[in-house]
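Hi,

Here is the structure I promised to pass on to you. Please have a look at it first, and then read my notes below.

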Amino acid sequence: MSESLQSSIQEITPSEWELMRIVWTKGKLYSRELIDLLQAKRSWSDSTIKTLLRRLVKKGLLTTEKQDRRFLYTATISESDAMNGSAEQLFDHLCAMKKGATLLNLVEHVTLTQTDIEKLQAALSEKAKTAPKEVSCDCLPNGEQCES
């Protein structure tokens, strides 16, 4: 993923995420269809949604193609790449020794399918083969440790 797209993912607002989720679900869609779908979920005005669309095009996350007098929007990044990029950026800001506890909290609070759980168990089993006994804090310089 390009650095500019990675940077744009950092800047996606909650409202823009909501719009992008519709684009990812539908693939390509015209602005009117997108406006109608968003207005079925939120009481946003046409102009608010058009502003969000312009911002996402400017950020490089959507492309637009004019067809007759309509605009067709397409995502330039996959949903999984955007979600993974966003999660990785968040975890880059966390204390190294607390990332595991944060992941555990997510697993406990997110609805997962049986398949998701099987894949997680397999990934954890593989990761356990080379996992250290403990992870050092990376918050402070010179190897100082933070509170657990």
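This is a predicted model: local features need pLDDT of at least 70, side-chain atom pairs count only at pLDDT 80 or more; totals for chains, interfaces and linings use all residues.

**What I found**

Gly27, which comes just after helix H2, takes a positive phi of about 85°.

The mean pLDDT of the protein chain is 90, with 91% of its residues at 70 or more. Among the elements, helix H1 (residues 3-10) has the lowest mean pLDDT, 64, while helix H7 (residues 114-128) has the highest, 96.

**The core and H2**

The largest nonpolar core contains 21 residues, and Leu19, Leu34, Leu53 and Leu62 are those with the most contacts inside it. At least two core residues come from each of helix H2 (14-26), helix H3 (31-41) and helix H4 (46-58). H2 provides the largest share, six residues. As general background, nonpolar side chains in soluble globular proteins tend to be buried together.

Which residues does Leu19 contact, once its neighbours within four places in sequence are left aside? They are Leu34, Leu38, Ile49, Leu52, Leu53, Leu56 and Leu62. Leu19 is also one of the buried residues of H2, listed with Glu16, Trp17, Glu18, Met20, Ile22, Val23 and Trp24. You will notice that Glu16 and Glu18 are included in that buried set.

The length of H2 checks out as well: its 13 residues should span 18 Å at 1.5 Å a residue, and the end C-alpha atoms are 19 Å apart, which agrees.

**The sheet**

Three strands make up an open sheet with the order E1-E3-E2 and antiparallel pairing. Strand E1 (29-30) and strand E2 (62-67) are at the edges with a single partner strand each, so one side of each has no neighbour in the sheet.

E1 and strand E3 (residues 70-75) run antiparallel and are joined by two bridges. Leu72 of E3 is the bridge partner of Glu65, and Ala75 of E3 is the bridge partner of Leu62. Leu62 is also among the core residues with the most contacts.

H2 lies across E1, E2 and E3 and runs at about 90° to E3. H4 lies across E2 and E3, at about 115° to E2.

**The turn at Asp68**

E2 and E3 form a hairpin, with two residues between them. Asp68 is found in that loop, and its phi is near 60°, a positive value in a residue other than glycine. For context, most residues other than glycine have a negative phi. Is Asp68 buried or exposed? With a relative accessibility of 77%, Asp68 counts as exposed. This is a spot I would be glad to hear your thoughts on.

**Further along the chain**

Helix H5 (residues 79-92) passes the length check too: its 14 residues should span 20 Å at 1.5 Å a residue, and its end C-alpha atoms are 20 Å apart, which agrees. The buried residues in H5 include Ala82, Gly85, Gln89 and Phe91.

Finally, there is Cys146, in the segment after H7. Its relative accessibility is 18%, so Cys146 counts as buried. Which residues does Cys146 touch, not counting those up to four places away in sequence? They are Cys95, Met97, Lys98, Cys137 and Cys139. Cys95 lies 51 residues from Cys146 along the chain, and the C-alpha atoms of the two are separated by 8.7 Å.

That is everything from my side for now. I hope you enjoy looking through it!

Best wishes

Note on methods: Residues are numbered from 1 along each chain as its sequence is written. Side-chain values use heavy atoms; hydrogens and water are left out. A nonpolar core is a set of buried Ala, Val, Leu, Ile, Met, Phe, Trp, Tyr and Cys residues joined through side-chain atoms within 4.5 Å. Buried means under 20% relative accessible area, exposed over 50%, partly exposed in between (1.4 Å probe, protein chains only). Helices (H or I, at least four residues) and strands (E, at least two) are DSSP runs, numbered from the N terminus. Contact means heavy atoms within 4.5 Å. Two strands pair if DSSP finds at least two bridges between them. Axes are lines fitted to C-alpha atoms, for helices over the stretch in contact, and angles run from 0 to 180 degrees between N-to-C directions. The expected span of a helix is 1.5 Å times one less than its number of residues. pLDDT is the predictor's confidence in each residue, from 0 to 100.
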